[in-house]
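Subject: Structure handover

Dear colleague,

Here is the structure I said I would pass on. My notes on it follow below.

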Amino acid sequence: MYHTLEEFLEDWRREVQNTTKLFSRLTDDSLSGKVWAEGRTMRTLAWHIVSSVSEMMGRVGFVLDDSNGEEAEPSSADEIREGYRARTSALDQQLQEKWNDASLAEEHDMYGQMWSNATTLKVLVTHEIHHRGQLTVLMRQAGLAVPGIYGPSYEEWSAYGMPPHP
Ligand code: NI
């Protein structure tokens, strides 16, 4: 649980860097890939990560884009990258302008339950990590190289001259 805004920002900025690193490996050609017939495509999954930032934070008073959640999924990987960059930088700036440490204890109706803003921020982070893990699998199955996030990826072990860990 976050006790100060700075605690959150430190965590969040690191995760934004991680997601940005993963998104940097997306290619236009790979976006329609999925693991099973009914599954989400990489495009849908990546865009869900992007749009969830504005959807979730929109419920606690932040306007991070002007789509009202009506936006179509973009066709290119660059639009996904730019959408993420724009939303996360707007959030970073607006959080510093509008919230302080006391804001974390305020509660809002989130999906039918009352959550403190500290809880909402925690869910923002874990939701993104959850879907980023799914996206990593899809990217690997599509033959894309994936970056290490909390530890080296297969390719990175080799680059360090070490045998890849399973
Ligand atoms: Ni989700």
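Helix 1 and helix 2 are roughly antiparallel to each other, because their angle of about 150° is over the 145 degrees that this class requires. This is a predicted model. The axes of helix 1 (residues 5-23) and helix 2 (residues 42-58) are 12 Å apart, and their crossing is left-handed.

On the helix 1 side, W12, T19 and F23 make the contact; helix 2 supplies A46, I49, V50 and V53. Sorted by class, these are 6 nonpolar residues and 1 polar residue, with no charged ones.

Helix 1 also packs with helix 3 (residues 77-98): the axes cross at roughly 170° and come within 11 Å. This pair is therefore roughly antiparallel as well. Helix 1 contributes residues including L5, F8, R13, E15 and V16, while among those from helix 3 are I80, R81, Y84, D92 and L95. W12, T19 and F23 of helix 1 take part here and in the contact with helix 2. The contact of helix 1 with helix 3 has 10 nonpolar, 4 polar and 4 charged residues.

Then there is the metal site. Which residues coordinate the nickel ion? The donors are the NE2 atoms of H48, H127 and H131, at 2.1 to 2.2 Å. Along the chain their spacing reads H-x78-H-x3-H. H127 and H131 are both in helix 4 (residues 117-141), where 4 residues, about one turn of the helix, separate them. H131 counts as buried because its relative accessibility is 6%, under the 20% limit.

Regards

Terms used. Residues are numbered from 1 along each chain as its sequence is written. This is a predicted model: local features need pLDDT of at least 70, side-chain atom pairs count only at pLDDT 80 or more; totals for chains, interfaces and linings use all residues. Side-chain values use heavy atoms; hydrogens and water are left out. Axes are lines fitted to C-alpha atoms, for helices over the stretch in contact, and angles run from 0 to 180 degrees between N-to-C directions. Helices (H or I, at least four residues) and strands (E, at least two) are DSSP runs, numbered from the N terminus. Angles under 35 degrees count as roughly parallel, over 145 as roughly antiparallel, 65 to 115 as roughly perpendicular and the rest as oblique. A crossing is left-handed if the near helix is turned anticlockwise from the far one by less than a right angle, and right-handed if clockwise. Contact means heavy atoms within 4.5 Å. Ala, Val, Leu, Ile, Met, Phe, Trp, Tyr, Cys and Pro count as nonpolar, Asp, Glu, Lys and Arg as charged, and the others, Gly among them, as polar. Donors are N, O and S atoms within 2.8 Å of the metal (3.2 Å for Na, K and Ca); water is not among the atoms, so sites may look incomplete. Buried means under 20% relative accessible area, exposed over 50%, partly exposed in between (1.4 Å probe, protein chains only).
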